[in-house]
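This briefing is intended for a reader meeting the structure for the first time. Please keep the model in view while reading the points below.

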Amino acid sequence: MLSLSFRLIVLFLLTNAAFGGAGEVLESDQFRDSIHSANLISEDTIVPEKLYRASLTGGEKSIYRLEAQKDVCLRFIFEQKGIDIMIGVRREGGEIIKMTDRPSGSHGRETVTLVVPETGVYVVEITAWLADAIVGNYEFSYTESTPEKADLLRSDAEDLTSNAELLRGEGSLESKEKALLEFEKAREKWKTLGDDYEIAVVDYGTGFTNYQLSRHYEAARSYTSALEIHMRRGDDFGKAVNFSALGAVKFSISSPKLSVFLYRQAIEIYKKLENFRGLGIAFHGLGSNQMISEEYAQAVESLHESLRYRAASNDSRGAARTRTTLAHLYLLTGKTDLSAAELDSAEKMLGPARAESDAEIKYFRGKTEFAKGNISTAAANFNRALFLQKNAGNRHGEALVLIELSRISGAESELDLAVDQIEKAVEIVDRLRSSTFDFRERVNFTASVQQFYDQYLVLLMQRHKREPDGRFDYRAFEVSENARARGLLDQMERKTFIQDGTISSTILEKEHELFSRLNLLILSKTENAETAAAVTDTLSKLVGVELELSRAYKSAERAFAKKVEQKKLLQMIDKNSVMLEFWLTNSEAFLFAFADSRLHAFDLGNAEEINQLAKKIYRCYSQINSPLNQAVCKTDSERLSKILLSPVRSELKQKRIIAVKHGALNYIPLSALPDPQTGRFLAQDHEIVSLPSLAVLGHLVLHNDRSGTGKIGIFADPVYSTEDGRFRGKRAGKPKVANVPRRLFATAFESAFVASSFPAENVVKRTGFEASRANLFSIAEETFSILHFAAHVSLDDKDPELSAILLSGIDKTGAPRNNSVYLNEILRLNLKTDLVVLSSCESGIGKTVRGEGMISFANTFFAAGADRLVTSLWKVDDKVTAEFMKRFYRGYAKEDLSAASALRQAQLEIMADPRWNSPYYWSAFTLQGLPD
């Protein structure tokens with residue numbers, strides 16, 4: 001959930017990546033422990049073609065004997081019914097010559113194919129995989145035949161699959177890489193044999209292995225493939241396992257809505273099957289999602305439900321995992337004693353040896369001890385966790401431990417070591433981010449790892465304070481740039497690759513269609529078999545499209561991974577401008593200012609105070625009848641201005657201000673802040689341009705190749721309903737529709753003036769019924785220098801992609817039509833536009849995402865190909881808006897002023913009118929993008 005503190009999301013990535021419900025497969029050392037110590041409960045002699053049934057529980061094994069002739073092919077088919085079994089075949093008195101287990105869990109088929117090497121008596125051993133498993137059943141039979149080519153192929157496939165699963169279970173990075181190769185070979189053989197069930201089993205094993213290696217993209221591909229097969233086969237257990245597995249993947253890439261949907265699908269199936277172990281896993285995943293959504297009471301309830309099912313299935317290892325997650329939850333809510341108690345319970349369930357080798361327990365033990373002030377104990381636990389995560393190849397986990405070690409080193413004034421540790425952590429998260437090709441997931445990931453950049457920047461600023469000549473201020477600025485607006489830059493880069501043909505617009509259109517379909521399915525909250533099948537089908541197609549895009553993005557990925565060359569970026573700031581770039585951590589605030597070819601870095605103090613002041617000022621400015629009195633507004637504005645601007649007052653002079661804001665500062669128009677020295681509003685002495693990042697400015701400058709057609713597109717004064725006086729049809733019997741936007745009467749005057757500011761032959765004006773969505777898309781590919789929208793917008797701060805510009809909602813006959821132009825549809829436009837003006841209420845605000853800034857119309861139009869945007873931060877009377885736009889276009893079009901100059905001139909003229917001198921009227925509209 002993007003509005004959640006980044007810290008919450010990242011910490012849980014470690015927990016879920018290591019054990020959060022991908023399925024029923026556990027480590028091979030657990031099997032080896034159980035197989036050697038298993039109690040023999042039965043022995044029998046068997047013959048071909050007969051069906052045998054038996055029960056097993058944890059710690060038990062059964063033995064079957066048979067006589068076989070040399071070169072005969074023995075084919076055993078086992079059906080697991082609630083118990084995960086391992087099958088070994090050996091010559092009586094000899095070593096095992098065939099051992100089989102596949103990642104199919106406690107239900108489904110296991111086969112053993114063996115060409116008998118020597119005539120004699122053979123022993124088949126059936127052992128429960130889990131030492132603590134509850135009683136379950138299995139049945140089997142076997143046949144004898146003359147071996148054929150297919151039998152040899154099947155035997156090889158069985159060996160490859162089982163070997164891959166054992167390698168995966170060894171837990172090291174090297175063994176998992178080898179497991180993936182074995183799974184791949186096995187899949188080819190099963191494909192040749194045409195055995196869909198075994199292909200699904202291998203796909204699941206491949207997915208789980210990739211998941212453990214934090215390769216979520218590849219994991220999703222394999223899980224979805226397995227799910228499709230199980231859906232076709234009607235295999236409920238296979239569906240449940242892979243729904244749960246996909247839920248874990250989508251959790252890890254911060255897609256909580258889809259993750260919850262998938263886990264709930266798994267829960268419903270597991271309940272029908274009365275599969276308690278699966279329910280324990282799925283409720284664990286559901287509780288994890290509730291935790292990152294800050295639904296702590298629900299999370300505790302779900303996690304305790306998981307514990308109930310873990311106990312019912314005698315799943316002590318799973319219970320230990322859930323206890324560890326509860327420890328995490330209690331840490332997040334400041335209950336360190338409860339966290340320690342849960343970790344104690346988890347360690348007791350695992351036993352001393354396994355607890356010592358459990359990276360998550362060591363990590364959270366370190367967190368708990370650090371919170372209690374026990375530094376040396378915390379460090380010992382973190383160092384052990386680091387060793388374990390490196391050995392397992394869990395890069396997420398490694399990065400999380402490194403940041404904690406960096407905090408310890410920083411607390412002990414070992415700044416050099418602290419910086420080295422956090423640099424390693426940031427390198428890991430940057431690499432992980434670049435491995436995800438979809439920009440939405442990149443945005444989610446960047447939001448989830450902001451604590452790494454916060455820590456890095458804080459440490460560099462501490463070193464700058466200690467060593468002013470060490471250029472640590474430049475390094476800190478580089479971190480600030482590399483950590484912000486990355487998703488927007490990705491989208492802008494996409495546009496470049498579309499335009500030069502590197503990426504097909506057709507496949508992007510398909511990707512958009514699938515994302516939209518998937519989102520609608522999830523938002524429908526209809527959790528039935530039909531919806532599940534539709535989700536599976538859509539996910540499968542989407543994964544295919546994403547993989548195709550990933551191949552096209554190989555060159556783009558290298559571009560994304562490059563670090564910002566801050567010298568080149570800073571050179572874009574001309575001598576008549578000063579850049580102010582702010583960064584707010586949870587506790588500290590910083591300012592980077594560039595003026596007169598010099599970078600200055602300042603510690604602004606308490607970030608929470610800045611955020612609170614910004615929120616109060618926004619409430620004051622954005623309401624003409626503000627509940628805050630003007631004296632309070634003035635005091636708070638002066639206080640915030642003093643904090644933000646006093647360090648650079650001598651640098652401002654009469655220069656243009658290029659502002660890169662952060663946190664709640666995104667909602668504040670700097671134009672309305674008083675100069676800390678003169679008390680005059682900044683707008684009175686400065687042009688002000690905002691940017692999501694300086695790197696965005698660099699991209700705009702680099703790709704500013706406008707053709708200068710001079711065409712102006714205007715969409716204004718839409719007709720929203722039959723209640724509008726312009727509708728001439730019959731209204732009788734038609735009830736008034738609720739929540740229909742009112743007509744913006746002044747936009748007719750506004751659009752007429754805008755049109756009159758340019759040569760008539762250059763103006764494409766669509767008003768009234770013609771201001772429609774269909775007309776926008778019909779002309780969108782034309783090259784417009786300016787696009788002007790005077791219409792309502794609909795904002796969705798939870799799902800920004802559902803925010804929309806609202807155009808005409810009916811046609812001349814009164815027939816309703818789709819009037820919403822959503823953000824994700826704007827992304828499809830191939831604009832080459834100098835200026836987009838959104839003369840609408842609150843068109844400049846959206847959802848604030850850590851590291852990305854404001855996900856809003858502005859960012860979307862940048863990604864679609866616009867250079868500059870004028871947007872509003874709050875609701876302003878449409879009459880005043882029309883007057884503002886009249887003055888803005890007079891300066892921009894008729895007096896040939898830059899957009900920044902024209903905007904400032906309009907602000908000053910509105911300010912000069914006694915009716916409208918409050919900042920509420922004149923400071924709402926802001927300029928973003930290229931300054932000139």
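N775 is buried, because its relative accessible area is 19% and buried means under 20% relative accessible area, with exposed over 50% and partly exposed in between (1.4 Å probe, protein chains only). The model is a predicted one, in which local features need pLDDT of at least 70, side-chain atom pairs count only at pLDDT 80 or more, and totals for chains, interfaces and linings use all residues. Residues are numbered from 1 along each chain as its sequence is written, and side-chain values use heavy atoms, with hydrogens and water left out.

**N775 and its surroundings**

- N775 is placed in helix α31 (residues 773-779); helices (H or I, at least four residues) and strands (E, at least two) are DSSP runs, numbered from the N terminus.
- Neighbours within four places in sequence aside, N775 is in contact with F715, R766 and E770, where contact means heavy atoms within 4.5 Å.

**Overall make-up**

- The protein's secondary structure comes to 36 helices and 25 strands.
- Of the 932 residues in the protein, 62% are buried.
- When contacts between residues at least 6 apart in sequence are considered, 73% of them join residues at least 24 apart.

**Nonpolar cores**

- In soluble globular proteins, nonpolar side chains tend to be buried together.
- A nonpolar core is a set of buried Ala, Val, Leu, Ile, Met, Phe, Trp, Tyr and Cys residues joined through side-chain atoms within 4.5 Å.
- The largest nonpolar core has 93 residues, and F452, F789, I805 and F861 are those with the most contacts inside it.
- Helix α17 (residues 415-434) gives the most to this core, contributing nine residues.
- Residues up to four places away in sequence not being counted, I805 touches F789, H792, V793, N819, S820, V821, I826, L838, F857 and F861.
- Another core, of 70 residues, lies apart from the largest one and has L591, A659, F758 and V880 among its members.

**The disulfide**

- The structure holds one disulfide, a disulfide being a pair of cysteine sulfur atoms within 2.5 Å.
- C620 and C633 form this disulfide, with their sulfur atoms 1.4 Å apart.
- The two cysteines are 13 residues apart, C620 in helix α26 (residues 607-621) and C633 in helix α27 (residues 630-645).
- The disulfide is right-handed, because the torsion about the S-S bond of C620 and C633 is about 110 degrees.
- Both C620 and C633 are buried.
- Another cysteine, C73, counts as buried because its relative accessibility is 0%.

**Cavities**

- Rolling a probe the size of a water molecule over the atoms shows where empty space is left.
- On a 1 Å grid over the protein atoms alone, a cavity is a set of points where a 1.4 Å probe fits but cannot get out, and lining residues have an atom within 4 Å of a point.
- Six cavities of 30 Å³ or more are counted by this rule.
- The largest cavity holds about 120 Å³ of space, where grid points are joined across faces, edges and corners and a volume is the space filled by probe spheres set on the points.
- The lining of the largest cavity has 16 residues, of which S671, I688, L903, Q907 and T926 lie nearest its centre.
- At least two lining residues of the largest cavity come from each of β14 (688-691), α35 (899-912) and β25 (925-929), and α35 gives the most, with four residues.
- The lining of the largest cavity has eight nonpolar, five polar and three charged residues; Ala, Val, Leu, Ile, Met, Phe, Trp, Tyr, Cys and Pro count as nonpolar, Asp, Glu, Lys and Arg as charged, and the others, Gly among them, as polar.

**Positive phi angles**

- S413, a residue other than glycine, has a positive phi near 65 degrees.
- S413 lies in the loop between α16 (395-411) and α17 and is exposed, with a relative accessible area of 58%.
- D596 is not a glycine either, yet its phi is positive at about 55 degrees.
- D596 is found in the loop between β11 (588-595) and β12 (598-606) and counts as partly exposed at 42% relative accessibility.

**V124 in strand β8**

- V124 lies in strand β8 (residues 120-128) and is buried, with a relative accessible area of 1%.
- The C-alpha atoms of V124 and D44 are separated by 9.9 Å, while the two residues are 80 apart along the chain.
- Beyond its neighbours within four places in sequence, V124 is in contact with residues including S62, I63, Y64, F76 and V89.

Methods. On a 1 Å grid over the protein atoms alone, a cavity is a set of points where a 1.4 Å probe fits but cannot get out, and a pocket is an open set with protein on both sides within 12 Å along at least five of seven lines; lining residues have an atom within 4 Å of a point.
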